[in-house]
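Here is a friendly tour of the charged and aromatic side-chain contacts in this model. Have the structure open as you read.

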Amino acid sequence: MPHDAADCEEDDLLLEKWTFLRFVFMGMIMLYRTYQIREAGKRQADPPEDLPYSEHPNMTKQMNTWNIVSSFVIAMVFFIQSEGVGFVIYFGTSFALDNYMIFFSSHVKICEYIMQVVLYTSACVTFLPCVALSYMLQDKLYNQGRWFGTKPAFIFIMVLGAVVSFYLRIFLVFNLGYDNVVDGWLKHSPYK
């Protein structure tokens with residue numbers, strides 16, 4: 001359902017403020033998880049016994065001896081590998097595509113807050129194939145792979161899966177009328 005920009009302005013400005021806080025909150029969670037990984041690395045024996053440190057004893061040693069900034073960078077690498085490379089790729093790609101569609105796309109004429117609700121709720125379904133892809137392929141192609149072999153293939157497959165998931169979401173949202181349903185729910189709601 002097309003909207004005039006003036007109809008959406010107040011709600012969209014509020015959305016942008018809350019979106020900024022959401023990014024700050026997600027960043028704090030990642031920093032906290034990175035901090036936990038760094039602290040757990042400090043408690044490792046030499047050579048490390050626990051995963052993921054035992055697979056990367058030199059990186060663990062560097063993380064424990066380098067300055068705080070460098071050690072956090074290494075801990076972030078451990079975070080990405082231990083929390084799931086496929087998920088990080090999926091969420092990074094989806095983050096970029098969703099935010100482009102919500103805040104910068106001018107060919108869709110619905111309010112930003114409606115677009116955000118539509119995309120994020122439909123993503124609860126369309127990300128499931130990416131979960132399956134990551135679950136089936138990460139160990140074989142990435143964990144056991146090489147950088148001049150299957151690791152880049154895994155990254156490509158996950159980016160492609162995230163892009164296909166996004167376009168499937170857009171197709172479902174606009175061709176099945178889910179955007180109109182959400183617009184009807186939120187248009188007069190005091191909780192938008």
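One aromatic cluster is formed by Y90, F91 and F127. The structure holds six aromatic pairs, where rings of Phe, Tyr and Trp (its six-membered ring) pair if their centres lie within 6.5 Å, and planes under 30 degrees apart count as stacked, over 60 as edge-to-face and the rest as tilted. There are also three salt bridges, each a side-chain nitrogen of Lys or Arg within 4 Å of a carboxyl oxygen of Asp or Glu.

This is a predicted model, in which local features need pLDDT of at least 70 and side-chain atom pairs count only at pLDDT 80 or more, while totals for chains, interfaces and linings use all residues. Residues are numbered from 1 along each chain as its sequence is written, and side-chain values use heavy atoms, with hydrogens and water left out.

**Aromatic pairs**

- The rings of Y142 and F154 are tilted, because their centres are 5.9 Å apart and their planes stand at 50°.
- Y142 belongs to helix α6 (residues 128–143) and F154 to helix α7, so this pair ties together parts that are 12 residues apart in sequence; helices here are DSSP runs (H or I, at least four residues), numbered from the N terminus.
- Y142 is buried at 7% relative accessibility, and F154 is buried at 0%; buried means under 20% relative accessible area, exposed over 50% and partly exposed in between (1.4 Å probe, protein chains only).
- F166 and Y167 make an edge-to-face pair, with ring centres 5.4 Å apart and planes at 80°.
- In that pair, F166 is buried at 5% relative accessible area, whereas Y167 counts as exposed at 52%.

**A charge over a ring**

- K151 places its charged end over the ring of Y142, 4.6 Å from the ring centre; the rule asks for NZ of Lys or CZ of Arg within 6 Å of the centre and within 35 degrees of the ring normal.

**Salt bridges**

- D98 pairs with R169, their closest N and O atoms being 2.8 Å apart.
- D98 lies in helix α4 (residues 85–104) and R169 in helix α7 (residues 150–175), so the bridge ties together parts that are 71 residues apart in sequence.
- Both ends are buried: D98 at 6% relative accessibility and R169 at 0%.
- Shared partners join R38, E39 and K42 into one network of salt bridges.
- E39 and K42 both sit in helix α1 (residues 5–42), three residues apart, about one turn of the helix.
- R38 is buried at 11% relative accessible area, while K42 is partly exposed at 43%.

Definitions and conventions. Helix = DSSP H or I, 4+ residues; strand = E, 2+ residues; numbered from the N terminus.
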